[in-house]
Amino acid sequence: MEGYLCIAPWLIGFALLTLGPMIFSFIISLTQWDLINSPKFVGLDNYRIIFTDDFRFRQSLKVTALYAAMSVPLGMIGSLCVAMLLNLNMRGMRVFRSIFYLPAILPGVAVTMLWMWILRPQDTGVLNHILGFFGVSPKPWLSDPAWALPSFVIMSLWGIGGGMIIYLSGLQSVPTQLYEAAEIDGAGSWRKFTTITLPMISPTIFFNLVMGIIGSFQVFTASYIMTPNGGPGYSTLFYVLYLYQKAFKYLQMGYASALAWILFAVVLALTLIVFKTSAKWVYYESEVKQ
Amino acid sequence: MSIELTGKRKRVRSRSDAELPKRIFAYLLLLIGSGIFLIPFIWLLSTSLKEPKSIFLDLRWIPDPVRWQNYPDAFKVMPFPLYLLNTCKITFTCLVLQVLSCSIVAYGFARKRFPGRNVLFIVLLSTMMLPAQVTMVPVFKVWSTLGFYDTFVPLIVPAAFGSAFFIFLLRQYFMTIPIEMDEAARIDGANTLQVWWKVLLPQAKPALVAVAIFSFMAHWNDFMGPLIYTTSSGKRTLALALWSFQGQYSTDWHLLMAASTVVMLPLLILFFAAQKYFIQGIVMSGVKG
């Protein structure tokens, strides 16, 4: 009995703020509702329209998937590379670590505004200015359909510090004896990386992959501030931005709820796929090898 | 779980001269990389101290003349003390509520035996995957029906119910504390609440500080919450104020950057003051997924 009392805060919160609203939200998704008048039941119409007759839904799903496909692998490789460098036993690592980690903890609004300023088009932006030193012609960044989404990816790479720290903790828990044994057997750096480091940190890679996928499908702040209308040619109409517009700009609460459930299904499916494949590539020390 | 990231690890491997070029190369890469990562910060500070005129064409790194007046000016266009107060109210109330609620729930999951515990724990973990947008509309409707639209109530009250991620983190930490400590306290006549408050909480200090920091960050940086639930300008948080400031003064980048710097500052201070706990918390959350 005392056990239930201890977890009561969460249990009540779960019932009132998660489970109840989930059921409510599913019911709303079967209606047309503007918050003011009473909801009108329309069956699966919202879902039908979303799947068959909503260009912006398809566009937002495409934009978000494209963004995930670019930012997740790049971010994971980038943060692993930085973590590998920071894992070397050298002086000044604390300072380097802070520099790489800091951007990840700063307020999204402030970071986004800073990047809007950095990404100014043509000659007025500092990124173009710097790229100019290397002979790269100025890019239109956020004002051009082809460059707007890559701009978001570049900005996201500034925040790889969060993943980097997690990799670093994974790297530091790899027993040094394994490397010593491999060295005695004559293994080179690359060999040690692929046969010791990667398998040993595979749970960390798995964790970062799942978190990366979930995070990239829920981008909102940056897109709402930089391109509140979805950017040039809807090229940065992120899924949650579209959902927000439907709910709070057009007050189509039923439609927005249906969109939210589809988002949940997509994230769930992707996570399950990663979990399913993880048996093949994630190695846990504690498990017994057959 | 107590992995030190300070580089104090034993230097087991011998460092031969052959490794020297490798190390220089690694240093070089780190210098270039951190240089790139610092550029946005430098640009932020530089812009925040520039003259308003020709701000779009002035691409110098060091402003000339340095205009400190931008900071007082930025405060003039937005009532900074009020927004700071609003943000602090929300952030610190949530922080206290969350640390208390999460730790008692984590205590229940770590130490108590009751039917359905494991199932409930899995339910708790799976709620982490539920996008907030799924429950957004009904929760919004409920708060506004109760008359709490444009108040801080919808932003604060959920913190009293804990957060799945923090509960998970604390529960994992409590599991590492020997149960004999609880039993000893029990023999001395302590009840459940006393065991939680006097035995587990003092032992779990590093984990609690980590949760406090994450909670602070989440609420200080929150944007969608205040965006949805507040409307009057007197109720704005710093993050929201910064955004609306950008809408109104979209060409005053010197002021925008000064204001951004100020909003970032508390987090920078927090980071450098509590670096150890930041890293510890992340290590705790990341180990073995």
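Predicted model: local features only at pLDDT ≥ 70, side-chain atom pairs only at ≥ 80, totals over all residues.
Begin by selecting helix α1 of chain A, residues 2–28, together with helix α5 of chain B, residues 132–145, whose axes come within 8 Å and cross at roughly 90 degrees. The two helices, α1(A) and α5(B), are therefore roughly perpendicular to each other. To see where they meet, show the side chains of Leu17(A), Thr18(A), Pro21(A), Met22(A), Phe24(A), Ser25(A) and Ile28(A) on α1(A), and then those of Val134(B), Thr135(B), Val137(B), Pro138(B) and Val139(B) on α5(B), which together make the contact. Coloured by class, this contact of α1(A) with α5(B) shows 9 nonpolar residues and 3 polar ones, with no charged residues.

Next, turn to the largest nonpolar core, which has 143 residues, and pick out Leu243(A), Leu170(B), Val211(B) and Leu242(B), the members that touch the most others. Then centre the view on Val211(B), which, leaving aside its neighbours within four places in sequence, is in contact with Val99(B), Cys102(B), Phe166(B), Leu169(B) and Leu170(B).

Finish within chain B by selecting helix α2, residues 70–77, and helix α13, residues 253–273, whose axes come within 9 Å and cross at roughly 90 degrees, which makes α2(B) roughly perpendicular to α13(B). Here the contact is made by Asn70(B), Tyr71(B), Asp73(B), Ala74(B) and Val77(B) of α2(B), and by His254(B), Leu255(B), Ala258(B) and Ala259(B) of α13(B). By class, the residues in this contact of α2(B) with α13(B) divide into 6 nonpolar, 2 polar and 1 charged.

Note on methods: Residues numbered from 1 in each chain as written. Chains lettered and ligands numbered in written order. Axes fitted to C-alpha atoms, helices over the stretch in contact; angles between N-to-C directions. Helix = DSSP H or I, 4+ residues; strand = E, 2+ residues; numbered from the N terminus. Parallel < 35°, antiparallel > 145°, perpendicular 65-115°, else oblique. Contact = placed C-beta atoms within 7 Å. Nonpolar A, V, L, I, M, F, W, Y, C, P; charged D, E, K, R; others polar. Core = buried A, V, L, I, M, F, W, Y, C linked by C-beta atoms within 7 Å. Buried ≥ 20, exposed ≤ 12 C-beta atoms within 10 Å, placed from the backbone.
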